[in-house]
Amino acid sequence: MEDVVKIPNVDRDERIGSAFNHLFQVIQHTDKYNVGNLFWDFSDTSFFHPFFLAPLVIYKQSCKRSIECTNKPSRVVGYLDLVHFDDPLSIKECDDFKAVLESYMSKTYIPVCRFDLCKSNIDDLQTILQRVIKSQSKADYRITTPLSHLLGELIDNINEHSYGKHGYIFSQYFKKENCINLVIADDGITIFGSYVRSGKYLDEINNNEVEALKLANEGKSTKNLPGAENRGYGISSSKKMLVDGLHGSFFMLSGGAFHRYDSNGASFIKLPDSINWNGTIILMKIPVNVPVDFDYSKYTK
Amino acid sequence: MDKKLKISELISTDIRSRANAEIIRAELDGVKDDVILDFAGVTFVSRSFTDELYNVMCEHKNIKLDNTSDFVKSMIDTVTQGRNTKRTFSEEKSEIKEFDDMNSLSLFLATI
């Protein structure tokens with residue numbers, strides 16, 4: 001038995017909701033066909049929005065199914081190879097990943113990279129990724145500290161809370177929009193799973209994945225010290241800094257829950273039961289030009 | 001004699017992960033003398049790392065900080081202030097939307 005899922009063309013000019021809509025359709029269709037051979041048919045594709053492409057690569061890795069990609073038009077074959085669509089660039093502790101990543105200095109993207117969580121090289125990896133992203137976008141020097149904050153807090157979060165094996169990162173700079181599209185993901189137990197594992201806030205969550213996502217965004221941590229509320233700043237401060245301070249956009253998908261926060265509003269969404277994301281993924285649109293009135297210290301308090 | 005730890009050599013000049021504080025904790029294990037953490041050359045410390053450093057400083061009262069840049073000092077002050085005042089959580093006011101089928105979700109996603 002064979003099943004075919006059509007991969008849509010998702011242009012970078014499409015509305016952001018459209019990219020997620022296409023992604024959810026592909027996930028739903030792929031999850032539905034759980035026997036026999038599965039094919040992703042790329043014949044309609046000519047461009048991939050980064051917020052469609054990166055989750056698609058990561059989903060393909062985590063869904064534990066053998067998916068054969070067919071009918072890739074010649075115009076996209078090269079690009080898919082460059083971004084490591086079929087096999088993310090593996091960053092191992094012993095690898096000379098600095099040299100590998102520095103070769104992307106003059107490009108506009110960093111391919112989908114997979115790194116081991118809880119390894120000692122994670123700060124070095126971030127430092128080099130940040131240097132490459134800044135070089136690619138010729139970013140305002142004032143983006144340095146907020147970018148360090150976003151990478152540092154969000155990667156530390158997945159390291160501390162996801163209980164996953166791998167983290168993923170992808171970046172694509174668009175000159176026309178003058179913004180960096182940055183995707184950070186893990187293959188862990190989801191935010192809901194993290195609260196369940198800790199046994200904390202279970203009454204407030206009430207067995208609901210969206211309530212868990214909302215609590216995490218409010219800064220309720222599973223790892224506070226006894227008698228202290230010292231943790232849980234990572235997601236909430238990063239999101240506010242990005243959207244309120246830098247005028248960017250923030251999206252988050254964890255298990256069956258989705259969150260969006262941008263200049264047009266915020267919403268927490270319970271996805272249909274037929275859609276489930278293995279782990280947590282954060283997608284950010286980061287404007288390269290920092291507003292004159294941006295004050296980093298406002299977002300660390 | 002005071003023990004001095006050069007943080008830029010011990011960890012990095014760009015310190016992000018909370019787990020980096022464990023390196024300092026391990027260095028302080030069993031040390032009874034005063035210890036100076038020398039932050040010369042350190043350009044960035046994350047809030048998470050600084051929070052864990054605060055815990056280390058609570059465990060070891062014999063620590064002094066030296067050569068902290070304005071940025072590092074400001075982060076330490078922010079964390080210290082946060083740890084000594086009651087935290088107020090900003091409640092997420094946006095409503096939860098529940099979608100039971102793909103069609104209604106698609107209609108919503110078309111609006112964002």
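User: How many residue pairs are in polar contact between domain 1 of chain A and domain 2 of chain A?

Analyst: This is a predicted model, in which local features need pLDDT of at least 70 and side-chain atom pairs count only at pLDDT 80 or more, while totals for chains, interfaces and linings use all residues. Residues are numbered from 1 along each chain as its sequence is written, chains are lettered from A, and side-chain values use heavy atoms, with hydrogens and water left out. A polar contact is a pair of N or O atoms within 3.5 Å, one able to donate a hydrogen and the other to accept it, and residues adjacent in sequence count only if both atoms are side-chain atoms. With both residues at pLDDT 80 or more, the count between domain 1 of chain A and domain 2 of chain A is five residue pairs.

User: What area is buried between domain 1 of chain A and domain 2 of chain A?

Analyst: The automatic or database assignment divides chain A into domain 1 (1-86) and domain 2 (88-299). Buried area is the accessible area (1.4 Å probe) that two parts lose on being put together, summed over both. Carbon and sulfur atoms give 73% of the total, which is about 2500 Å².

User: Which helix gives the most to the side of domain 1 of chain A that touches domain 2 of chain A?

Analyst: Helices are DSSP runs (H or I, at least four residues), numbered from the N terminus. On this side, α1 (16-32), α2 (50-62) and α3 (74-82) of chain A each supply at least two residues. The one that gives the most, with 10 residues, is α2(A).
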